[in-house]
Amino acid sequence: MTPNGFHFQHEAAVAQRTERFVEDSPAGPRPRGRTWVDAAKDAVFFAFLYCGYVPLRDAWLSLIGRSRAVVVYYHRVGDCDRLSKPTADFRRDLEHLKRRYECISLAELSRRLHGGKAMRRRSIAVTFDDGYRDNLTQAVSPLLAAGVPATFFVATGFIGTRRPFPHDQRDGARAPRPNLTWPDLALMQTAGFEIGSHTTDHTNLGTADDQTMRQQIGDSLTALNRELGRRPRAFSFPWGQPADVPPDAVAAARDAGYYAVASAFGGANRRGADPFHIRRVDAGNGHLSRLAVRARIAGFDPDYLRLRIKRMLSRRSHRDGK
Ligand SMILES: [Zn+2]
């Protein structure tokens with residue numbers, strides 16, 4: 001067992017068995033051309049990353065035992081679009097994470113948050129949402145090679161089917177993308193990866209009625225434990241923005257037996273953070289530059305800033321309205 005609580009079982013044998021799934025990256029759309037706006041954004045990200053603020057801040061946070069634990073999420077690997085990242089870029093992300101952060105599993109992060117002890121090293125956990133088959137064919141091999149643990153959150157009603165995800169239909173995907181199968185997930189779990197739930201039907205729990213919400217949370221856990229064996233499992237909210245993560249659904253996930261719940265709010269998790277609300281940062285948008293992804297992980301996340309400003313303004317207007 002490694003210090004971060006993660007180990008690959010029968011590593012060589014599993015690597016060999018997963019190797020046969022490795023496919024060439026699908027020939028998807030290539031990254032669009034860069035504009036001067038992209039260059040200006042990169043200049044800002046570069047300044048943030050290399051002006052000296054980040055190492056100073058992290059040294060201070062380490063000293064007071066409140067180092068940042070960042071959880072990144074991806075969807076697909078192989079293509080290049082809003083939800084897909086080219087395989088070479090994914091490998092580069094892993095190299096960067098390994099160099100700069102302690103790579104831990106989500107279960108280990110949850111233990112640290114529950115334990116409430118000082119967090120001295122900045123750490124990172126990798127997660128995937130939905131359950132696309134390229135997670136096995138494109139991501140597992142680089143993860144194994146890098147020795148980086150990961151959690152795959154799958155919508156169980158899509159496993160072993162060609163059923164398209166609602167966001168792919170909305171984006172006008174020409175053909176349904178292959179989804180993972182139960183034997184794929186069993187193999188990934190044997191390799192040491194965590195398999196968690198992302199509901200059964202990729203339902204937005206922010207708009208679902210109470211009965212549907214409880215079914216989506218409970219039935220997906222039952223399916224995972226039935227097909228893959230009973231073990232501690234975490235849950236991630238589809239879409240995962242504030243409106244999609246109602247407090248009663250978080251409570252329902254805790255009651256159902258999940259050990260942690262993850263959103264997509266952005267931001268970092270520190271000592272004292274709620275283990276039943278683990279924040280995650282989007283690192284899987286293939287259109288983001290390398291500097292943009294690194295800046296997001298280091299704490300300069302425009303999506304998260306927008307969210308905080310919106311919350312601040314709504315609190316203020318609420319107060320003024322009274
Ligand atoms: Zn999703």
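A residue is called buried here if 20 or more other C-beta atoms lie within 10 Å of its own, exposed if 12 or fewer do, and partly exposed in between, with C-beta atoms placed from the backbone. The structure is a predicted model, so to speak of local features a pLDDT of at least 70 is needed and side-chain atom pairs count only at pLDDT 80 or more, while totals for chains, interfaces and linings use all residues. Residue numbers start from 1 along each chain as its sequence is written.

The chain has twelve helices and ten strands. Of its 322 residues, 42% count as buried.

On to the strands. In β7 (194-197), E194 and G196 point one way and I195 and S197 the other, yet all are buried. β7 pairs with β6 in the parallel sense over four bridges (a pair needs at least two DSSP bridges between the strands), and T151 has E194 of β7 as its bridge partner. As for β5 (123-130), eight of its eight residues are buried, so this strand is largely enclosed by the rest of the structure. β5 pairs in the parallel sense with β1 over six bridges, with V70 standing opposite I124. β4 (residues 102-103) also pairs with β5 in the parallel sense, over two bridges, and here E102 stands opposite S123.

Helix α5 (residues 106-115) has seven of its ten residues buried, so it too is largely enclosed by the rest of the structure. The buried ones are L106, A107, E108, L109, S110, R112 and L113, and their cover includes β1, β5, β6, β7, β8 and β9. After α5 comes G116, with a positive phi near 70°.

Helix α10 (residues 247-256) has A249, V250, A252 and A253 buried. These residues cover an arc of only 160° around the axis, which puts them on the same side of α10; the arc is taken from the directions from the helix axis to the C-beta atoms. The face turned away from that buried side carries the exposed P247, D248, A251 and D255. Covering the buried residues are, among others, α9 (210-228), β8 and β9. Just after α10, G257 takes a positive phi of about 115°.

G206 sits in the loop between β7 and α9 and is partly exposed, with 17 other C-beta atoms within 10 Å. Leaving out residues up to four places away in sequence, G206 touches A243, D244, V245 and P246. The C-alpha atoms of G206 and P247 are separated by 9.4 Å, although the two residues are 41 apart along the chain.

Finally, a helix pair. α2 (residues 36-50) and α11 (residues 290-298) pack at an angle of about 40°, with their axes 9 Å apart. The axes are lines fitted to C-alpha atoms over the stretch in contact, and angles run from 0 to 180 degrees between N-to-C directions. α2 and α11 are therefore oblique to each other (under 35 degrees would be roughly parallel, over 145 roughly antiparallel, 65 to 115 roughly perpendicular, and the rest oblique). On the α2 side, K41, D42, F45, F46, F48 and L49 make the contact, and on the α11 side L291, A292, R294, A295 and A298 do.

Terms used. Contact = placed C-beta atoms within 7 Å.
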